[in-house]
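Good morning. Please have a look at it first.

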2 protein chains.
Amino acid sequence: MATDASGSEAETADAYAELVERFERINGVQGAAGVLGWDQQVMMPEGGTPARSKQLSVLSSLSHELLTDDRTAELLDEVESTDLDAEGEALVREARREFERANAVPTELVEEISETSTEALGAWEQARAEDDFEQFAPYLEELVELKREYAEHIDPDRDAYEVLFEDYEPCLPLSQAEDVLETLKETLVPMIDEIRQSDADVTTDAFDGEFPADGQEDLSRDVLSTLGYDWDRGRLDPSSHPFTSGNVYDCRVTTRYDESDPLGGLMATVHEFGHAFYNLGLPEEHFGTPLGESRDLSVHESQSRLWENHVGRSPAFWELVTPKFAERFDTDATAREAYESANQVYEDNLIRVEADELTYHLHIVIRFEIEKALISGELDVEDVPEVWNDKYEEYLGLRPETDANGCLQDIHWSHGNFGYFPTYSLGSVLASQLFNAAEDDIGNVYGAVREGDFEALQEWLRENVHEHGSRYETNELVREATGEDFTADYFVDYVTTKYGDLYDLEESV
Amino acid sequence: MATDASGSEAETADAYAELVERFERINGVQGAAGVLGWDQQVMMPEGGTPARSKQLSVLSSLSHELLTDDRTAELLDEVESTDLDAEGEALVREARREFERANAVPTELVEEISETSTEALGAWEQARAEDDFEQFAPYLEELVELKREYAEHIDPDRDAYEVLFEDYEPCLPLSQAEDVLETLKETLVPMIDEIRQSDADVTTDAFDGEFPADGQEDLSRDVLSTLGYDWDRGRLDPSSHPFTSGNVYDCRVTTRYDESDPLGGLMATVHEFGHAFYNLGLPEEHFGTPLGESRDLSVHESQSRLWENHVGRSPAFWELVTPKFAERFDTDATAREAYESANQVYEDNLIRVEADELTYHLHIVIRFEIEKALISGELDVEDVPEVWNDKYEEYLGLRPETDANGCLQDIHWSHGNFGYFPTYSLGSVLASQLFNAAEDDIGNVYGAVREGDFEALQEWLRENVHEHGSRYETNELVREATGEDFTADYFVDYVTTKYGDLYDLEESV
């Protein structure tokens with residue numbers, strides 16, 4: 001505190017410092033929970049669950065208590081009533097938002113949702129295994145009601161689904177997501193239909209065969225190094241569901257090794273690299289404060305999908321990586337064959353997580369339409385399977401024969417996560433827009449990819465996205481980075497050109 | 001709460017439940033910190049330190065705040081004023097002790113000690129590397145003063161070293177430790193002198209050669225399985241300093257693989273198994289409460305040393321394990337040769353962590369005498385190197401030529417840990433007493449060891465030590481388990497017989 005500061009200025013400076021310190025504490029607790037979560041999925045022996053559950057629930061309630069404490073409210077009020085610089089304003093904006101959301105919902109309701117989710121998860125697992133939606137239905141119904149109640153606590157005057165969506169995407173209006181998904185539907189439904197009728201000769205078998213796990217691990221490590229993963233601040237481990245966990249000092253990725261599907265594992269590695277590379281590029285000077293956090297799910301997913309799709313599924317990438325395959329495995333696929341196989345459209349696939357870049361978004365559109373109708377009350381839980389199957393028939397020309405391969409396939413609803421799915425598609429769309437802007441700024445990105453030189457792209461992403469942390473809200477971040485408003489145009493151009501070329505479609509060129 | 005309980009009984013039941021819940025919360029935070037500590041030493045990439053330090057310091061202050069909160073004091077007062085059953089009394093006794101100690105010392109002093117230790121650690125590392133005690137001396141002096149102050153806050157009327165010793169051994173009087181160490185000195189000084197002059201032909205080279213790390217890991221896993229390690233509740237990883245971390249649901253061990261010293265690694269594995277097997281046998285129904293904790297350092301060390309020394313350095317164990325060596329490595333040592341090599345006395349060794357079962361305790365006696373004199377003020381920090389060297393000459397007949405191999409070899413004092421060293425010797429002594437009682441109760445333990453059958457010994461330790469958690473104080477635990485008071489007699493008998501036989505000493509038989 002400066003000695004010549006007036007009493008009130010000094011007090012404000014103190015309050016600001018105390019607010020920052022409080023959020024650093026909360027972040028410390030949440031960071032600890034993050035490490036425990038990583039350990040649970042990657043290292044923990046099976047028997048460890050009871051102790052781990054207890055540890056995680058204690059950390060979660062401590063961080064909730066610190067966040068919703070009266071002192072947090074006092075400090076926010078005090079700091080907001082004074083002049084702050086732009087960074088200070090951004091920090092307080094983020095802190096206020098986090099506080100309000102946590103404070104609006106009674107702890108009992110949060111706990112009830114958490115307990116119901118735990119039961120729902122068990123019921124969902126069994127229902128899926130036995131292909132019996134009835135077993136899951138009552139839990140889904142309860143979660144829909146609890147989540148409506150949750151939304152009402154936050155804002156009784158707004159559409160409940162809109163409020164829920166903000167849990168994942170707090171600074172992107174739902175209407176934007178709706179527009180994007182509508183565009184994707186209009187573009188992709190006819191395009192996939194055309195692909196189904198195309199007689200283009202696309203290679204699909206470049207990754208057929210046996211690919212031992214240790215060779216896949218070695219390949220993943222090599223590719224991560226090539227992309228620029230900093231091993232001093234990260235590590236790679238196998239896990240059943242690939243994920244990324246960590247902060248600017250220590251951000252770890254996991255992947256999976258299926259010996260008959262080396263492509264799936266490698267693409268997961270590249271995808272998780274995108275997430276990790278974002279976290280590792282966050283502003284160190286703001287570590288632990290709301291400013292040092294990554295922007296929300298769509299921006300995070302834009303980073304993983306930019307690397308997975310725009311880098312990892314490009315011809316240039318396969319020129320770089322095909323020799324790395326040949327070094328480790330008994331395969332003689334050419335770069336072009338590998339590229340085609342990595343981009344084949346699975347027009348008969350019913351499973352979201354096995355989908356390609358095109359059909360993927362129709363899987364999302366279907367979930368989005370259904371969950372919106374569930375929350376608004378237009379759709380009853382009991383009708384979900386039929387509506388699900390009808391929509392698959394309408395948009396993808398496929399009708400699931402079982403609910404296990406239909407509306408029971410995803411874990412999200414059993415967690416009560418309504419409003420999450422759209423962020424996946426928003427991420428893809430934003431990835432296209434950002435990649436296009438990067439190409440405009442640095443030129444010939446694919447020439448460099450072919451050489452294994454990722455420096456310019458890394459630098460562009462760091463400067464235009466990562467280093468800002470939560471300084472800008474999403475739309476502002478996009479404008480600052482690309483000079484334009486958030487748009488699906490680049491994604492539409494990208495898929496039209498790429499798949500038009502691959503499948504000899506009429507719209508292409 | 002029973003419906004027919006009177007208001008006051010019901011309130012007491014509530015207070016007891018709230019007290020237990022509070023300690024479960026504290027335990028949850030400390031357990032989380034434990035996982036973070038394990039990760040830091042075993043998994044964390046190098047760059048992760050800044051985030052990890054912050055997370056650990058937040059958890060440490062949260063658990064301190066929960067413990068020293070006024071509400072903890074109120075609950076303790078309320079619960080203590082009522083009738084409790086024996087278990088309840090034990091729980092409150094442990095909770096009260098923990099509260100008093102944490103509450104007595106001002107947070108600022110705790111933080112000052114912690115900060116000084118961090119600086120002292122850096123200074124110690126450099127001083128040791130450069131063999132320059134002067135660089136470490138001022139930090140050691142400051143830590144001695146701070147720790148005297150710390151002891152004064154806890155009890156200004158008692159000897160400061162006695163108070164510090166209780167940080168590690170809260171329910172064993174220092175006078176007992178003094179008696180034990182005096183006995184060890186009187187027994188071992190002449191015995192080692194005699195061994196030095198013995199011309200017995202003890203094999204020392206059974207473990208000479210190259211032993212690849214992967215074979216050592218495989219051997220460690222095999223031996224852990226044979227001893228009865230529950231892999232569903234544990235794991236084995238390499239680390240530079242072997243350690244054990246965890247609770248009844250998830251207790252992990254680490255070991256090290258030095259390719260020219262397979263014995264060191266294997267004995268470390270067996271030692272850590274003893275620690276882990278204790279934690280894995282703690283009473284599950286009291287998990288998270290003070291009753292579910294292990295007894296203190298000497299008891300913990302008794303478990304690791306019982307397995308390391310009484311099992312792992314026995315002829316029977318080497319009959320079991322020598323074939324396991326031969327399966328994996330190019331070695332033709334007999335079981336007897338391996339046994340002798342594993343028990344050779346390193347009478348010229350200056351380093352505590354490389355010492356054998358006999359000389360080890362003289363290393364401890366020297367540290368104990370010096371730290372006691374430092375805390376009382378009888379000895380000045382500047383005189384430590386000379387007194388250290390004099391004592392090595394007097395007790396072990398060796399004079400260190402450098403301080404790096406002398407008074408700078410251990411990390412403990414740089415952490416401000418005065419009073420810790422004696423617990424190592426107490427552990428060895430107690431291991432002998434417990435092993436002897438187990439043998440009396442179950443008979444022919446070594447016959448079973450030879451067959452790889454550890455069930456009876458495991459069961460005995462679980463029933464007599466592990467399952468009690470913190471139910472009994474140390475001396476009561478020893479009496480319950482062995483029917484006798486804590487004594488060094490069994491250790492003296494054990495080493496007299498074993499080394500008398502190995503080195504043809506006169507006292508033997």
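A disulfide here is a pair of cysteine sulfur atoms within 2.5 Å. By that rule the count over all chains is zero.

Before going on, some ground rules. This is a predicted model, where local features need pLDDT of at least 70 and side-chain atom pairs count only at pLDDT 80 or more, while totals for chains, interfaces and linings use all residues. Residues are numbered from 1 along each chain as its sequence is written, chains are lettered from A and ligands numbered from 1 in the order in which they are written, and side-chain values use heavy atoms, with hydrogens and water left out.

Back to the cysteines, and two of them in chain B. Are they buried or exposed? Buried means under 20% relative accessible area, exposed over 50%, and partly exposed in between, using a 1.4 Å probe and protein chains only. Cys251(B) has 0% relative accessibility, so it counts as buried. Cys407(B), at 5%, is therefore buried as well.

Next, a helix in chain B. Helices are DSSP runs of H or I with at least four residues, strands are runs of E with at least two, and both are numbered from the N terminus. Helix α13(B) spans residues 335-342, and six of its eight residues are buried, so the rest of the structure largely encloses it. The buried ones are Ala335(B), Ala338(B), Tyr339(B), Glu340(B), Ser341(B) and Ala342(B). Their cover includes α10, α12 and α20 of chain B.

Now chain A, and a record. UniProt positions are given in the numbering used here, with feature names shortened, and annotations may be inferred rather than shown by experiment. An unreviewed UniProt entry annotates His271(A), His275(A) and Glu301(A) as "binding site". These residues are spread over 31 residues of sequence, yet they cluster in space, with a largest C-alpha distance of 8.8 Å.

Where is His271(A) found? It lies in helix α10 of chain A, residues 262-280. With a relative accessible area of 12%, His271(A) is buried. Contact means heavy atoms within 4.5 Å. Not counting residues up to four places away in sequence, His271(A) touches Glu301(A), Ser304(A), Arg305(A) and Glu308(A).

Glu301(A) sits in helix α11 of chain A, residues 297-311. Its relative accessibility is 8%, so Glu301(A) counts as buried. With the sequence neighbours up to four places away left out, Glu301(A) touches His271(A), His275(A), Thr423(A), Tyr424(A) and Gly427(A).
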